[in-house]
Amino acid sequence: MELDTLRNLSVRENDPEIPVRVFGPYSAYVKRIENEYSVDITLRGDHFTIEGKKKDVDAAHHVLSQLVDKAERDQEITENTVDYLIRTEGTRERADFSTLEEKVLCYTTKGKPIRPKTYGQKKYLDAFENNDIVFGIGPAGTGKTYLAMAKAITSFKNDGVDRLILTRPAVEAGEKLGFLPGDLQEKVDPYLRPLYDALYDILGAENLQKNMEKGFIEVAPLAYMRGRTLENAYIILDEAQNTTPEQMKMFLTRFGQGSKMIVTGDVTQIDLPTGKKSGLKEAKRILEGVKGIKFITFEQNDVVRDKLVLRIIEAYDKDDRRKEMLIREKMESSGKEDRDDLD
């Protein structure tokens with residue numbers, strides 16, 4: 001039986017803000033750690049004391065030390081930060097924010113730094129440096145589109161490319177384009193709104209409008225890409241799970257000299273008509289392992305949106321597994337009956 005253990009964690013002296021940020025509002029962050037690992041955490045002078053079973057104390061100590069390190073680096077700490085540290089504790093993705101968040105990609109118009117918050121996001125950003133085409137595949141809330149936009153805008157602002165081209169397939173998710181008011185551009189704009197939102201956040205409305213008028217930034221539905229060769233550009237295809245294999249091939253073959261492509265999508269949210277194959281799924285099957293192309297798959301641990309999003313994803317995944325199990329059981333039962341008939 002493990003004995004109770006005491007372990008101390010020192011913080012920077014003469015800086016009362018460090019413990020305040022680590023404890024969180026109404027001590028919510030420390031309470032979260034205490035409840036998760038069944039430990040008691042107290043602040044004594046310039047150090048935290050953690051008491052509990054050895055295994056639990058060690059885990060809590062690692063999570064708490066990461067929060068202290070973030071606070072001393074003046075980095076943002078949120079409830080999602082604490083949840084991510086707890087989720088990855090004891091896994092191969094065990095978070096070390098001292099290296100994870102040291103690189104700032106760019107800043108929003110409000111001065112907020114954009115940096116990787118999970119190891120999946122870090123692998124994603126690293127892939128941009130060494131590949132011409134990068135696929136980011138994963139659930140909602142993993143930052144795959146936002147980080148792609150931030151990377152593209154950074155390259156554009158630093159004269160890495162001449163223009164940005166952002167596109168999405170205008171697939172009708174249970175609604176009909178024909179019933180929307182306005183001309184064709186006004187009809188497809190709602191499908192492109194998430195791309196505009198990210199552009200506004202990073203570039204600002206005035207800067208965005210000026211670059212769009214000059215033709216340096218183009219936001220258009222996927223159908224507009226046909227017949228073009230896109231050179232010295234950063235090209236992002238979002239919601240790629242809603243492309244057909246033919247559309248995906250058409251898009252990828254627009255690639256021109258000096259360009260980079262980022263393709264993002266979530267294969268669990270396909271809005272194509274029943275029986276239609278997803279171009280994103282087919283691309284992964286056909287292109288994985290091709291030199292210059294990299295596939296990054298985000299996991300549930302990479303969800304950085306509100307933790308309720310993670311619970312929703314987990315609930316749907318659990319239901320999908322249940323359905324798959326019932327289908328397998330039905331097929332096995334049907335196969336057994338067929339064999340019995342032969343006997």
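How many residues does helix α7 have, and what distance does it reach from its first C-alpha to its last? Helix α7 (residues 144-157) has 14 residues and reaches 20 Å, close to the 20 Å expected at 1.5 Å a residue, where the expected span is 1.5 Å times one less than the number of residues. The model is a predicted one, so to speak, with local features needing pLDDT of at least 70 and side-chain atom pairs counting only at pLDDT 80 or more, while totals for chains, interfaces and linings use all residues. Residues are numbered from 1 along each chain as its sequence is written, and side-chain values use heavy atoms, with hydrogens and water left out.

Now for the chain as a whole. Its secondary structure comes to 12 helices and 11 strands; these are DSSP runs numbered from the N terminus, with helices being H or I of at least four residues and strands E of at least two. Of the 343 residues, 45% are buried, with buried meaning under 20% relative accessible area, exposed over 50% and partly exposed in between (1.4 Å probe, protein chains only). Among contacts with a separation of 6 or more, 70% are between residues 24 or more positions apart, a contact being heavy atoms within 4.5 Å.

Next comes the sheet. Six strands make up an open, parallel sheet in the order β8-β7-β9-β10-β6-β11, where two strands pair if DSSP finds at least two bridges between them. The edges are held by β8 (217-221) and β11 (293-297), each with a single partner strand, so one side of each has no neighbour in the sheet. On average, neighbouring strands are turned by 15 degrees against each other, direction ignored. Strand β6 (residues 133-137) runs parallel to β10 (residues 260-265) and is joined to it by five bridges, with Gly136 standing opposite Thr264 in β10. Helix α10 (residues 245-252) lies across β6, β7 (163-168), β9 (233-237) and β10, at about 155 degrees to β10; axes are lines fitted to C-alpha atoms, for helices over the stretch in contact, and angles run from 0 to 180 degrees between N-to-C directions.

Back at β8, five bridges pair this strand with β7 in the parallel sense, and Ile217 is the bridge partner of Leu164. Four of the five residues of β8 are buried, so the strand is largely enclosed by the rest of the structure. Both Leu164 and Ile217 turn up again in the largest nonpolar core, where they, Tyr124, Leu199 and Val219 touch the most other members out of 33 residues. Such a core is a set of buried Ala, Val, Leu, Ile, Met, Phe, Trp, Tyr and Cys residues joined through side-chain atoms within 4.5 Å. Leaving aside residues up to four places away in sequence, Ile217 touches Phe156, Leu164, Leu199, Leu203, Leu208, Asn211 and Met212. Another core, of 25 residues, lies apart from this one and includes Val11, Ile18, Val63 and Leu64.

As for α7, 12 of its 14 residues are buried, so this helix too is largely enclosed by the rest of the structure. Among the buried ones are Lys144, Lys151 and Phe156. After α7 comes Asp159, with a positive phi near 65 degrees.
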